[in-house]
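Hi everyone, thanks for coming.

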Amino acid sequence: MTALNTQEPTFEDLKLLSEVSQLLTLLDLDSVMQQVIRLMSTAVGATKASLFLHNEHGVDWEHIFLARDLAPDQSVVVVSAVLDEGLAGWVIRSKKGALVQDTRTDSRWHVFPDEHQPARSALCVPFIYDDRVLAVLTLVHPEPQHFDERHLRLTTIVANQAAVALRNAQLFHQMQSQQRQLEIVVRNIPDALIVLDEGGTILLVNDTAVQLLEAASSESIIGRTLHDFARIDRVLRPAQRIISKPSGDYWSFEARSEKTLQDFLVTMSRWINPANSTSGFVLLLHDVTALRDLHRFKDEMLRVVSHNLRNPVSLVVTASDMLANDLQPLPEDSDILQFISIIKQSTDRMETMLDDLLRAETSSWHKVNPSELIESILKEFRPLAARRRQKLDVQVELDEEPGIFMDPMLIREAMVNYVSNAIKYTPQGGHITLHGYLQEDRFCFEVEDNGIGISSEHLAQLFEPYFRIERPETEAENGYGIGLNLVKAIIERHKGEVWVDSQEGTGSRFGFWLPM
């Protein structure tokens, strides 16, 4: 303690250090700053004091205590000038206190023209924590030589002690600010958010969750268990079952509320706090009611349309049968009979598709030999290719393939789209080849042609919905640009991938692969 002076410390010195140590119990940053100003100003007899926080990004403009009453914009000007040209800037750069016995003779003191009662002596000390300047305190007096070396040593020691309290309050203030920001974010999340502990007790909810649970406030929910609300509405029952027997760290499922008639996509994951070995679950319920209503409307329309299409399809089938009977004298290899056979095959396929649409399930998955699909497509399109004088070949290497798990109707539709496009965009006399082969753990299907081809600039857009290339040689071909997009959707639903390789004027090679 002899560092305070060459003599023994006074009672006032010890009292000051004791009061500074009590600042460690304060966590409010503004209160700590005000107390520091009061204690140190009293100890050295300063008439005015300025204190502001400083960090690696510059001044913390939210926490500035100036000796002058200034508007916020003027405060910025004053502090910036002091940091650039004044005593406080010198202290921050040198990381040590400074004593100015007469401001008129010290170049480090910045004088403002509008000062009515300029200071004549000044004392400035940094608050250093972990070799970083946290704050700068400037004490002034209207008389010269008011402060001496003892005052500088005393304020330096006090600043070193107060820096810890200042840092604690600063960290607490940052934590509170982050907590408020988090609360604002959580409160304004459009999805319902529920945070639970490991036993299913609710720890946190946002406003959307309060509305979903039809509670008066978040306070009336926190502390209760998810089981209490799961008994009321089944939308939370899957989550309750997971909590009772958790397996894994992430879950996703759909649920419907009986009370609000809302559909939700629910994502659920674990949270773990390694600091105190606590854990729990986070529930996020995304409202997909509008989307599900649209899907239900779509399904209903599909059922209506598929039902109404049965009559015209049946008429086409009956007419083709009657036409085939009337043309019995014709030889079996007659083009007319082949065309009637194509009509019959196409209507049979349409009836099969209508049956699938009328079923409650959207698809029927089972093991299928892809060779049979390719063969049926070849048989269906050979008459059409022959009419355009095109050669339609097949190269299949799948003899030992026991079958691939797929929806055969959808995969056949994807294959048909590739083949029909190849026939459509290959000139008369062209050559089209269907390839089917295995590559590691994948089944690959390709349709290769020597048709008009596609320029490289359009390849990336081919599988986008409603995209069509406007070219003179294709104007006569009808289409809406949805076929290839449908192929892409089908293949991705089977966890596969589509591709295309084409060169304008040379031909194209469209393909896809499916996992085995």
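This is a predicted model: local features need pLDDT of at least 70, side-chain atom pairs count only at pLDDT 80 or more; totals for chains, interfaces and linings use all residues.

Residues are numbered from 1 along each chain as its sequence is written, and side-chain values use heavy atoms, with hydrogens and water left out.

Is Val 136 buried or exposed? Val 136 counts as buried because its relative accessibility is 1%; the cut-offs are under 20% relative accessible area for buried, over 50% for exposed and partly exposed in between, with a 1.4 Å probe and protein chains only. Val 136 belongs to strand 5, residues 132–141. Helices (H or I, at least four residues) and strands (E, at least two) are DSSP runs, numbered from the N terminus. From the list of neighbours, take Ile 92: it sits 44 residues from Val 136 along the chain, yet their C-alpha atoms are 7.4 Å apart.

Now to the sheets. In which order do the five strands of the antiparallel open sheet come? The order is 7-6-10-9-8, and two strands pair if DSSP finds at least two bridges between them. At the edges are strand 7 (202–205) and strand 8 (250–256), each pairing on one side only. From one strand to the next, the twist averages 20°. Strand 6 (residues 192–197) runs antiparallel to strand 7, with three bridges joining them, and Val 195 faces Leu 204 in strand 7. Helix 8 (residues 237–244) packs on this sheet, and its direction makes about 150° with that of strand 8. For such angles, axes are lines fitted to C-alpha atoms, for helices over the stretch in contact, and angles run from 0 to 180 degrees between N-to-C directions.

Another open sheet has five strands in the order 12-14-15-17-16, with mixed pairing. Its edge strands are strand 12 (391–396) and strand 16 (497–503). Here the twist averages 15° from one strand to the next. Eight bridges pair strand 14 (residues 431–439) with strand 15 (residues 442–449) in the antiparallel sense. Across that pairing, Thr 433 has Glu 448 in strand 15 as its bridge partner.

Notes: Contact means heavy atoms within 4.5 Å.
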